[in-house]
Amino acid sequence: MMSDKEFKKLFRKEASKNYQNYFPVKALKRNGFERHQCKKCGKFFWSIKERDICGDPECTGSYEFIGQKNGPEMGFSQVWLRFSKLLESKGYVPIKRYPVIARWNPSVEFTIASITDFQPYVVSGEVEPIHRMLTVPQICLRFNDIDSVGLTGRHYTGFTMIGQHAFVPKKEFNQEKYFEDYLSWFTEEMKLKKDDLIIHEDAWAGGGNVGACLEFFSKGLEIGNQVYMFFERDHAELKELDIKVLDMGMGQERVSWFLSGKATSYEVVMPSVTEYLFKVTGIKKDDKILKKFVPLSSLLDLDELENSDETWRTIANKIDVNVNKLKSIIFPVQKIYAIADHSRTLLYALTDGALPSNVGGGYNLRVLFRKAMDYGKDLGINLDWKMIFRLHSEDLKDMYPEFLDNYKDITKIIEVEKQKYFENKKKASSILTRFLKNKQEVEEDELIKLYDTFGITPEDVKKEAEKLDVKVSVSDKFYSKISEIHENKEHPTQTGTRKFIEFDEGLPETNKLYFEDFGLIEFDSVVLAVKDNFVVLESSAFYPTSGGQLHDTGSINGIKVVDVFKQGNLIVHKLETKPNFKKGAIVHGNIDAERRTILTQMHTAAHILNGACKKILGNHVWQAGAAKTTEKARLDITHYDSLSAVELQKIEDLANEIIKRDLPVNKYFMNRILAENKFGMTIYQGGAVPGKKLRIVEIPDFDVEACGGTHLNNTSQTEMIKIIKTSKVQDGVIRLEFVAGKRAIELIEKENQIIEELCRLLNCNKEHIPGKAKELFELWKKIVKKKKPVESFELKSKESFEGDVLKETAKILKTQPEHVIKTVKRFIDDVKKRLS
Ligand SMILES: [Zn+2]
Ligand SMILES: [Zn+2]
């Protein structure tokens with residue numbers, strides 16, 4: 001299949017040939033724009049003035065907006081406030097931003113554009129948008145330009161894309177209006193003369209959709225891009241979309257920068273943090289050099305630039321300054337700007353629940369953190385993260401008040417990350433010494449490995465290598481490469497290896513009876529298909545394995561059901577033997593009630609526990625995975641540290657408190673967009689869920705999730721939750737193993753039996769068990785291990801213990817709770833033998 005890039009190229013030809021069909025030509029002409037073709041790049045563009053070169057800085061050679069005021073001053077937040085107000089008067093409803101972690105969207109980890117908010121279901125037309133015309137100030141994270149941040153004046157890892165969107169039936173799609181509405185932003189608010197606008201024709205392809213777009217340039221800077229999505233790609237064919245989409249994205253940072261005419265955008269966009277960093281580092285910037293450097297810096301931004309020395313020399317020549325002097329002026333300033341950007345991105349991501357880690361997108365956050373720390377060190381300061389977060393939050397409060405409310409919480413996450421950073425640095429030097437021994441040259445692959453495995457940066461390697469005369473080759477795009485490697489590893493997909501069962505085509509979706517009541521365990525239904533041992537019914541109360549919950553068992557017409565799974569929108573029952581009934585028969589289904597009840601208790605318990613973790617540990621907690629079997633269940637949560645005994649106890653106590661309170665567990669279907677708006681994106685605890693409607697499982701004022709599992713009717717039916725074990729399964733992910741309901745009660749009974757037996761063996765009360773066990777262990781070591789003679793065997797400890805006696809005793813004896821009795825018996829026997 002043709003790639004988006006190739007397709008875009010192809011479609012661009014068609015769009016320029018029949019441009020009347022794809023661009024708002026009437027509106028362009030009405031406003032005085034004429035069509036021209038660039039002599040340099042061949043692109044078609046529209047401008048009022050007669051021009052033969054387009055507005056791209058690659059053709060014009062430079063930015064022309066730096067060093068002069070280009071319009072009224074607009075602080076960062078002001079841009080959004082004024083844009084949204086202007087467009088509201090033209091019918092676009094301003095909405096709140098979506099989180100930067102795109103939990104609702106199965107194709108990306110982070111939100112990368114304003115349109116990400118509406119993919120895939122609104123764009124595909126499956127789900128009605130909340131408003132047909134809207135604007136949104138969407139924070140986006142992108143890591144592919146990480147090395148250019150601070151250098152080019154315009155690159156960020158976290159930025160706001162202001163979106164102007166419309167999702168309407170094709171007849172209502174009013175391209176002329178959308179164009180003129182956006183044009184009014186330039187003329188009415190930015191106060192630009194239309195003469196200063198150059199509007200490029202281009203094609204656009206992405207995510208299976210194809211369209212045309214107009215790029216708005218002024219004085220060499222691209223400010224916005226208005227995409228008109230017309231088609232859906234079906235192999236090489238283009239199909240007209242049922243719903244047409246307007247996708248205008250404008251970089252908010254760029255607008256502030258452009259209007260100010262300052263050398264770089266960073267001080268205009270993040271005034272408090274940059275001012276603070278210049279103050280504490282004592283670095284003075286050379287505005288004259290910067291103003292000359294920034295317009296040329298895009299030369300350093302070429303993607304494939306492997307060796308930039310040559311480019312640096314060219315730039316230095318143009319500015320007429322020595323190349324080393326130029327670098328010594330630029331690099332410290334770049335570091336300040338990069339710290340400002342990286343810390344702001346971390347503020348965005350951590351507030352929305354992401355954590356630095358060594359996998360997936362979390363890895364990029366760790367890279368940002370470490371780069372910022374390294375830069376701080378280079379500049380001679382220890383970064384005060386709390387201060388930096390507060391300053392950013394204050395700068396942002398008019399448009400994003402949420403950061404000022406949350407920045408203190410995320411400082412805790414940073415503290416843990418800081419410890420890891422310093423531990424790494426400590427280990428780094430000995431690893432490096434060993435690594436560099438007998439080496440002549442270090443290649444980039446090795447640098448990547450060193451960074452990935454030990455967090456050792458190329459800069460660290462260079463410093464050590466210089467001392468030993470070892471050559472190091474590192475590209476200027478090192479961190480972008482690192483980030484790309486990790487982005488490609490994202491999203492492990494859960495694809496089963498199950499064989500596809502071929503039934504007759506056109507079977508209707510199975511009517512699912514288990515949604516209504518978990519107590520429904522008997523039902524009748526018509527058989528729709530039989531293939532070998534596999535049966536599809538019109539309706540079924542059998543729960544298929546999904547959402548981490550195991551399938552039901554039971555029987556259909558007396559034949560055992562051994563597996564139940566989903567295939568498309570069918571529920572498929574696997575029977576133990578070939579059935580004696582055929583398509584069209586009416587059969588009776590019977591579900592194993594005990595198994596169903598246990599699984600349901602485990603599932604509702606997982607929701608309760610997840611809610612409790614959030615309340616106790618903080619809003620950064622997300623479910624990272626879950627599994628419920630009949631023996632036990634597990635819940636993986638995102639958290640930046642391991643759990644202390646106190647935290648664990650608090651979580652378990654709160655969970656059991658929720659059970660005691662007998663809260664209702666409400667289950668109902670709700671329109672996706674309404675649910676997102678009412679409860680927020682935290683409903684996607686289990687990941688992205690397909691479909692127009694979501695099944696909501698709600699424990700009022702405690703936990704709300706989109707979930708298709710079987711659930712109890714009220715929390716008290718969970719009976720009890722007991723956490724058995726916790727472990728760290730991955731950096732930033734903690735696993736809680738637990739039991740609930742019948743299994744929890746069984747466990748408690750078993751534990752009580754063990755405690756009774758221990759009381760008998762050690763001849764004491766429950767609270768004295770740990771003390772006596774400790775004494776016994778000491779005695780045993782003395783007699784058996786050190787072979788010291790002992791006269792009598794009497795345990796005298798009166799130490800009293802409050803808390804989980806069994807867990808404590810197991811810890812003292814360095815064994816598992818279920819082995820405590822065996823261990824105590826063995827110690828007693830051993831000691832007694834030596835006595836005689
Ligand atoms: Zn051009
Ligand atoms: Zn669930």
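Modeller: Helices and strands here are DSSP runs, a strand having at least two residues, numbered from the N terminus. The model is predicted. Take Lys 219, which sits in the loop between strand S7 (209-218) and strand S8 (221-234). Its phi is near 50°, a positive value in a residue other than glycine. Most residues other than glycine have a negative phi. Is Lys 219 buried or exposed? Lys 219 counts as buried because its relative accessibility is 17%, and the cut-off is under 20%.

Now set Asp 532 beside it. Asp 532 also has a phi near 50° and is not a glycine. Its place is the loop between strand S13 (522-531) and strand S14 (534-537). Asp 532 reaches 47% relative accessibility, so it counts as partly exposed.

One more backbone feature deserves a check. Most peptide bonds are trans. The bond joining Gln 119 and Pro 120 is cis, with omega about -5°. Pro 120 belongs to the loop between strand S3 (93-94) and helix H6 (121-124).

Next, the metal. His 603 (NE2), His 607 (NE2) and Cys 707 (SG) coordinate the zinc ion (ligand 2), at 2.1 to 2.4 Å. Along the chain, its donors follow the spacing H-x3-H-x99-C. His 607 is in helix H20 (residues 593-617), while Cys 707 is in the loop between strand S24 (703-706) and strand S25 (721-730), so the pair links distant parts of the chain, 100 residues apart. His 607 is buried, at a relative accessible area of 3%. Cys 707 is buried too, at 12%.

Then the packing. The largest nonpolar core holds 179 residues, and Trp 185, Phe 293 and Leu 326 touch the most other members. Helix H13 (residues 323-351) supplies the largest share of this core, 14 residues. Beyond its neighbours within four places in sequence, Leu 326 is in contact with Ile 289, Phe 293, Trp 312, Ile 315, Ala 316, Ile 319 and Val 321. Another core lies apart from it, with 36 residues, including Val 621, Ile 658, Phe 702 and Ile 721.

Last, a helix pair. The axes of helix H10 (residues 271-281) and helix H15 (residues 385-396) come within 7 Å and cross at roughly 145°. From H10, Pro 271, Ser 272, Val 273, Tyr 276 and Leu 277 meet Met 387, Ile 388, Leu 391, His 392 and Asp 395 of H15. By class, that contact has seven nonpolar, two polar and one charged residues.

Definitions and conventions
Residues numbered from 1 in each chain as written. Chains lettered and ligands numbered in written order. Predicted model: local features only at pLDDT ≥ 70, side-chain atom pairs only at ≥ 80, totals over all residues. Heavy atoms only, no water. Core = buried A, V, L, I, M, F, W, Y, C linked by side-chain atoms within 4.5 Å. Buried < 20%, exposed > 50% of the residue type's maximum accessible area, 1.4 Å probe, protein only. Helix = DSSP H or I, 4+ residues; strand = E, 2+ residues; numbered from the N terminus. Contact = heavy atoms within 4.5 Å. Axes fitted to C-alpha atoms, helices over the stretch in contact; angles between N-to-C directions. Nonpolar A, V, L, I, M, F, W, Y, C, P; charged D, E, K, R; others polar. Donors = N, O, S within 2.8 Å, 3.2 Å for Na, K, Ca; no water.
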